[in-house]
Amino acid sequence: MEAWALEVRAPRGPLSLVLRRASGGRIYRDALSLEQEHALIAEAHRSGVKVPRPYGFLPDLLGHDAFLMERLHGETVGRRIVRLPELATARTLLPVQMAEELARIHALDPARLGFLPGSGGGSSAQRATDGLVAQVDSVGEPHPAIELGIAWLRNHLRDTGPAVVVHGDFRIGNLMVGPDGLAGVLDWEFARIGDALEDLAWPSVKAWRFGMDHLRLGGIAADERALVDRYSDLTGRKVDPADFHAYELLGNVRWAVGSLQQAQRHLRGEEKSVELAILGRLACEIEHEILTLLETR
(Lines give C-alpha, C1' and ligand atoms only; values in the text may rest on other atoms or scores of the structure.)
Protein backbone atom coordinates (compact mmCIF):
# COMPACT_ATOMS: atom_id res chain seq x y z
CA MET A 1 0.00 0.00 0.00
CA GLU A 2 1.00 3.60 -0.57
CA ALA A 3 0.11 6.37 1.87
CA TRP A 4 0.17 10.02 0.85
CA ALA A 5 -0.37 13.00 3.15
CA LEU A 6 -2.54 15.70 1.58
CA GLU A 7 -3.55 19.20 2.56
CA VAL A 8 -6.84 20.05 0.85
CA ARG A 9 -8.55 23.44 0.62
CA ALA A 10 -12.27 22.94 1.21
CA PRO A 11 -15.22 25.37 1.53
CA ARG A 12 -15.41 24.82 5.29
CA GLY A 13 -11.68 25.11 5.80
CA PRO A 14 -8.50 23.12 5.10
CA LEU A 15 -8.50 19.33 5.52
CA SER A 16 -5.52 17.17 6.48
CA LEU A 17 -6.03 13.85 4.71
CA VAL A 18 -4.27 10.60 3.96
CA LEU A 19 -4.64 8.90 0.59
CA ARG A 20 -4.29 5.11 0.91
CA ARG A 21 -3.63 3.56 -2.51
CA ALA A 22 -2.96 0.04 -3.72
CA SER A 23 0.40 -0.30 -5.44
CA GLY A 24 -0.14 -3.68 -7.10
CA GLY A 25 0.01 -7.24 -5.78
CA ARG A 26 -1.56 -8.74 -2.70
CA ILE A 27 0.31 -10.06 0.32
CA TYR A 28 -2.48 -12.23 1.71
CA ARG A 29 -5.28 -13.84 -0.27
CA ASP A 30 -7.89 -13.23 2.43
CA ALA A 31 -7.02 -9.57 3.02
CA LEU A 32 -9.85 -7.13 2.40
CA SER A 33 -9.89 -5.08 -0.75
CA LEU A 34 -9.47 -1.33 -0.33
CA GLU A 35 -13.15 -0.86 -1.11
CA GLN A 36 -14.11 -3.29 1.65
CA GLU A 37 -11.63 -1.74 4.09
CA HIS A 38 -13.10 1.71 3.38
CA ALA A 39 -16.64 0.40 3.99
CA LEU A 40 -15.55 -1.20 7.27
CA ILE A 41 -13.82 1.97 8.49
CA ALA A 42 -16.95 3.95 7.61
CA GLU A 43 -19.08 1.58 9.71
CA ALA A 44 -16.58 1.66 12.58
CA HIS A 45 -16.49 5.47 12.50
CA ARG A 46 -20.28 5.62 12.52
CA SER A 47 -20.28 3.35 15.58
CA GLY A 48 -17.85 5.45 17.59
CA VAL A 49 -14.64 3.47 17.12
CA LYS A 50 -11.51 5.64 17.10
CA VAL A 51 -10.70 5.45 13.41
CA PRO A 52 -9.82 8.08 10.84
CA ARG A 53 -12.94 9.57 9.30
CA PRO A 54 -13.28 8.17 5.76
CA TYR A 55 -13.83 10.63 2.92
CA GLY A 56 -14.56 8.37 -0.04
CA PHE A 57 -13.45 5.39 -2.11
CA LEU A 58 -11.74 5.98 -5.46
CA PRO A 59 -12.07 2.94 -7.77
CA ASP A 60 -9.44 4.07 -10.28
CA LEU A 61 -6.70 6.48 -9.32
CA LEU A 62 -3.96 6.18 -11.93
CA GLY A 63 -4.78 2.52 -12.43
CA HIS A 64 -5.24 1.47 -8.81
CA ASP A 65 -8.04 1.79 -6.25
CA ALA A 66 -7.65 4.09 -3.28
CA PHE A 67 -9.53 5.88 -0.54
CA LEU A 68 -9.25 9.12 1.38
CA MET A 69 -9.38 9.40 5.15
CA GLU A 70 -8.72 11.88 7.91
CA ARG A 71 -5.07 12.32 8.87
CA LEU A 72 -4.50 11.57 12.54
CA HIS A 73 -1.46 12.76 14.45
CA GLY A 74 0.72 10.68 16.71
CA GLU A 75 3.24 7.84 16.68
CA THR A 76 2.71 4.49 14.96
CA VAL A 77 6.19 2.93 14.94
CA GLY A 78 6.16 0.21 17.59
CA ARG A 79 9.80 0.54 18.67
CA ARG A 80 9.25 4.22 19.35
CA ILE A 81 5.94 3.78 21.15
CA VAL A 82 7.45 1.34 23.66
CA ARG A 83 10.54 3.48 24.33
CA LEU A 84 9.94 7.23 23.86
CA PRO A 85 10.06 9.03 27.24
CA GLU A 86 7.37 11.46 26.11
CA LEU A 87 4.95 8.53 25.68
CA ALA A 88 5.50 7.11 29.18
CA THR A 89 2.11 8.34 30.41
CA ALA A 90 0.43 7.08 27.24
CA ARG A 91 1.82 3.59 27.85
CA THR A 92 0.16 3.44 31.27
CA LEU A 93 -3.19 4.40 29.71
CA LEU A 94 -3.06 2.15 26.66
CA PRO A 95 -4.12 -1.24 28.13
CA VAL A 96 -7.48 0.11 29.33
CA GLN A 97 -7.95 2.23 26.19
CA MET A 98 -7.23 -0.79 24.00
CA ALA A 99 -9.85 -2.78 25.89
CA GLU A 100 -12.40 -0.02 25.37
CA GLU A 101 -11.76 0.10 21.62
CA LEU A 102 -11.95 -3.68 21.32
CA ALA A 103 -15.30 -3.63 23.11
CA ARG A 104 -16.56 -1.12 20.51
CA ILE A 105 -15.12 -3.08 17.59
CA HIS A 106 -16.61 -6.37 18.80
CA ALA A 107 -19.99 -4.67 19.14
CA LEU A 108 -20.12 -3.84 15.42
CA ASP A 109 -23.08 -5.48 13.66
CA PRO A 110 -21.82 -8.35 11.45
CA ALA A 111 -25.04 -8.16 9.42
CA ARG A 112 -23.92 -4.77 8.10
CA LEU A 113 -20.54 -6.20 7.08
CA GLY A 114 -21.47 -9.30 5.13
CA PHE A 115 -18.29 -9.11 3.02
CA LEU A 116 -16.04 -10.02 5.96
CA PRO A 117 -14.38 -13.45 5.85
CA GLY A 118 -16.14 -15.86 8.18
CA SER A 119 -19.56 -14.28 7.67
CA GLY A 120 -20.91 -17.65 6.54
CA GLY A 121 -20.89 -18.99 10.09
CA GLY A 122 -19.29 -22.12 11.49
CA SER A 123 -16.65 -22.56 14.16
CA SER A 124 -14.12 -19.72 14.34
CA ALA A 125 -11.57 -22.00 16.03
CA GLN A 126 -11.83 -24.68 13.37
CA ARG A 127 -11.65 -22.08 10.61
CA ALA A 128 -8.47 -20.71 12.19
CA THR A 129 -6.71 -24.08 12.43
CA ASP A 130 -7.84 -25.22 8.98
CA GLY A 131 -6.49 -21.98 7.53
CA LEU A 132 -3.13 -22.52 9.20
CA VAL A 133 -2.83 -26.02 7.75
CA ALA A 134 -3.43 -24.70 4.23
CA GLN A 135 -0.98 -21.83 4.72
CA VAL A 136 1.87 -23.92 6.11
CA ASP A 137 1.35 -26.44 3.29
CA SER A 138 1.75 -23.60 0.79
CA VAL A 139 5.25 -22.88 2.14
CA GLY A 140 6.38 -26.25 0.78
CA GLU A 141 8.96 -27.10 3.44
CA PRO A 142 8.86 -28.83 6.84
CA HIS A 143 8.54 -26.77 10.02
CA PRO A 144 8.02 -29.23 12.89
CA ALA A 145 7.60 -26.59 15.62
CA ILE A 146 4.82 -24.89 13.69
CA GLU A 147 3.17 -28.19 12.85
CA LEU A 148 3.35 -29.24 16.51
CA GLY A 149 1.70 -25.95 17.47
CA ILE A 150 -1.09 -26.51 14.95
CA ALA A 151 -1.63 -30.06 16.21
CA TRP A 152 -1.98 -28.74 19.78
CA LEU A 153 -4.40 -26.05 18.66
CA ARG A 154 -6.58 -28.61 16.88
CA ASN A 155 -7.13 -30.33 20.23
CA HIS A 156 -7.36 -27.29 22.53
CA LEU A 157 -8.50 -24.17 20.68
CA ARG A 158 -12.22 -23.59 21.10
CA ASP A 159 -14.86 -20.97 20.41
CA THR A 160 -15.15 -18.95 23.62
CA GLY A 161 -18.44 -17.26 22.76
CA PRO A 162 -20.49 -15.87 19.89
CA ALA A 163 -18.41 -14.82 16.89
CA VAL A 164 -17.82 -11.08 16.53
CA VAL A 165 -16.23 -8.61 14.15
CA VAL A 166 -12.50 -8.79 14.91
CA HIS A 167 -9.92 -6.28 13.73
CA GLY A 168 -7.49 -9.09 12.96
CA ASP A 169 -4.26 -7.14 13.57
CA PHE A 170 -4.95 -5.16 16.75
CA ARG A 171 -1.53 -4.46 18.27
CA ILE A 172 1.10 -1.87 19.01
CA GLY A 173 2.29 -0.78 15.57
CA ASN A 174 -1.24 -0.55 14.17
CA LEU A 175 -2.41 1.95 16.78
CA MET A 176 -1.85 5.71 16.53
CA VAL A 177 -0.55 6.83 19.93
CA GLY A 178 -0.24 10.36 21.27
CA PRO A 179 0.62 11.88 24.66
CA ASP A 180 -2.88 11.02 25.93
CA GLY A 181 -2.75 7.45 24.69
CA LEU A 182 -4.69 5.83 21.87
CA ALA A 183 -5.60 8.27 19.09
CA GLY A 184 -6.75 5.86 16.39
CA VAL A 185 -7.00 2.26 15.21
CA LEU A 186 -5.40 1.69 11.80
CA ASP A 187 -4.85 -1.07 9.22
CA TRP A 188 -8.14 -2.97 9.00
CA GLU A 189 -7.34 -5.18 6.00
CA PHE A 190 -7.29 -8.39 8.07
CA ALA A 191 -10.70 -7.89 9.72
CA ARG A 192 -12.99 -10.90 9.77
CA ILE A 193 -15.69 -12.63 11.78
CA GLY A 194 -14.02 -14.60 14.54
CA ASP A 195 -13.52 -15.17 18.24
CA ALA A 196 -12.99 -12.12 20.46
CA LEU A 197 -9.85 -13.68 21.93
CA GLU A 198 -8.17 -13.50 18.53
CA ASP A 199 -7.95 -9.73 19.10
CA LEU A 200 -7.44 -9.83 22.87
CA ALA A 201 -4.44 -12.18 22.73
CA TRP A 202 -2.80 -10.83 19.56
CA PRO A 203 -1.05 -7.86 21.27
CA SER A 204 0.71 -10.34 23.58
CA VAL A 205 2.41 -12.15 20.69
CA LYS A 206 6.14 -11.82 21.36
CA ALA A 207 6.94 -10.14 18.04
CA TRP A 208 4.73 -7.18 18.99
CA ARG A 209 6.75 -6.36 22.12
CA PHE A 210 9.43 -4.73 19.96
CA GLY A 211 12.32 -5.94 22.08
CA MET A 212 10.69 -5.13 25.43
CA ASP A 213 10.18 -8.82 26.14
CA HIS A 214 9.68 -8.36 29.89
CA LEU A 215 6.49 -6.41 29.11
CA ARG A 216 4.18 -9.15 27.86
CA LEU A 217 1.43 -6.88 26.58
CA GLY A 218 2.85 -5.22 23.51
CA GLY A 219 5.98 -3.96 25.24
CA ILE A 220 3.88 -1.54 27.32
CA ALA A 221 2.63 -3.55 30.33
CA ALA A 222 3.92 -6.44 32.42
CA ASP A 223 0.82 -8.53 31.71
CA GLU A 224 -2.60 -8.39 30.09
CA ARG A 225 -4.70 -8.18 33.27
CA ALA A 226 -5.76 -4.53 32.87
CA LEU A 227 -6.73 -5.17 29.24
CA VAL A 228 -8.72 -8.31 30.00
CA ASP A 229 -10.37 -7.00 33.15
CA ARG A 230 -11.58 -3.80 31.49
CA TYR A 231 -12.79 -5.72 28.45
CA SER A 232 -14.72 -8.16 30.67
CA ASP A 233 -16.26 -5.29 32.64
CA LEU A 234 -17.49 -3.63 29.44
CA THR A 235 -18.72 -6.72 27.60
CA GLY A 236 -19.62 -9.20 30.34
CA ARG A 237 -17.43 -11.71 28.53
CA LYS A 238 -15.20 -13.55 30.99
CA VAL A 239 -11.83 -14.76 29.77
CA ASP A 240 -10.48 -18.11 30.91
CA PRO A 241 -6.65 -17.95 31.28
CA ALA A 242 -6.35 -21.31 29.49
CA ASP A 243 -8.27 -19.92 26.51
CA PHE A 244 -6.12 -16.78 26.49
CA HIS A 245 -3.01 -18.98 26.44
CA ALA A 246 -4.40 -21.00 23.52
CA TYR A 247 -5.16 -17.86 21.52
CA GLU A 248 -1.74 -16.40 22.31
CA LEU A 249 -0.26 -19.59 20.87
CA LEU A 250 -2.55 -19.23 17.85
CA GLY A 251 -1.23 -15.71 17.32
CA ASN A 252 2.39 -16.85 17.39
CA VAL A 253 1.70 -19.72 14.99
CA ARG A 254 -0.11 -17.34 12.65
CA TRP A 255 2.79 -14.91 12.62
CA ALA A 256 5.35 -17.70 12.13
CA VAL A 257 3.44 -18.93 9.08
CA GLY A 258 2.94 -15.36 7.87
CA SER A 259 6.67 -14.66 8.13
CA LEU A 260 7.47 -17.74 6.06
CA GLN A 261 4.91 -16.79 3.42
CA GLN A 262 6.36 -13.29 3.20
CA ALA A 263 9.88 -14.70 2.81
CA GLN A 264 8.64 -17.00 0.03
CA ARG A 265 7.59 -13.94 -1.98
CA HIS A 266 11.24 -12.86 -1.94
CA LEU A 267 12.66 -16.34 -2.59
CA ARG A 268 10.30 -16.97 -5.52
CA GLY A 269 11.27 -13.65 -7.06
CA GLU A 270 7.78 -12.17 -6.78
CA GLU A 271 9.15 -9.18 -4.87
CA LYS A 272 12.85 -8.87 -4.14
CA SER A 273 13.10 -7.32 -0.69
CA VAL A 274 15.61 -7.44 2.16
CA GLU A 275 12.71 -6.84 4.55
CA LEU A 276 10.85 -9.92 3.28
CA ALA A 277 14.03 -12.01 3.49
CA ILE A 278 14.56 -10.92 7.11
CA LEU A 279 11.05 -12.15 7.96
CA GLY A 280 12.15 -15.62 6.91
CA ARG A 281 14.95 -15.45 9.48
CA LEU A 282 12.48 -14.17 12.08
CA ALA A 283 10.35 -17.30 11.72
CA CYS A 284 12.80 -19.42 13.73
CA GLU A 285 12.55 -16.99 16.66
CA ILE A 286 8.77 -17.34 16.60
CA GLU A 287 9.11 -21.13 16.42
CA HIS A 288 11.15 -20.95 19.63
CA GLU A 289 8.33 -18.96 21.26
CA ILE A 290 5.80 -21.56 20.07
CA LEU A 291 7.79 -24.33 21.78
CA THR A 292 8.09 -22.21 24.94
CA LEU A 293 4.32 -21.69 25.05
CA LEU A 294 3.70 -25.40 24.48
CA GLU A 295 6.06 -26.23 27.34
CA THR A 296 4.25 -23.84 29.74
CA ARG A 297 0.69 -24.71 28.70
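This tour visits a sheet, a helix pair and a pocket in a predicted model.

Numbering starts from 1 along each chain as its sequence is written, and side-chain values use heavy atoms, without hydrogens or water. Local features need pLDDT of at least 70 and side-chain atom pairs 80 or more, while totals for chains, interfaces and linings use all residues.

**Stop 1: the sheet.** The open sheet of 4 strands has the order β1-β2-β4-β3, paired antiparallel; pairing takes at least two DSSP bridges. β1 (2-8) and β3 (54-61) are the edges, each with a single partner strand, so one side of each has no neighbour in the sheet. Now pick β2 (15-21) and β4 (64-70): 5 bridges join them. R21 has A66 in β4 as its bridge partner.

**Stop 2: the helix pair.** Select α8 (241-267) and α9 (274-295). Their axes lie 8 Å apart, at about 160 degrees (lines fitted to C-alpha atoms over the stretch in contact, with angles from 0 to 180 degrees between N-to-C directions). The two are therefore roughly antiparallel (over 145 degrees).

**Stop 3: the second largest pocket.** Show K206, A207, G211, L282 and E285, which lie nearest its centre among 14 lining residues. A pocket is an open set of points on a 1 Å grid over the protein atoms alone, where a 1.4 Å probe fits, with protein on both sides within 12 Å along at least five of seven lines; lining residues have an atom within 4 Å of a point. α9 gives the largest share of the lining, 5 residues.

Key:
Angles under 35 degrees count as roughly parallel, over 145 as roughly antiparallel, 65 to 115 as roughly perpendicular and the rest as oblique.
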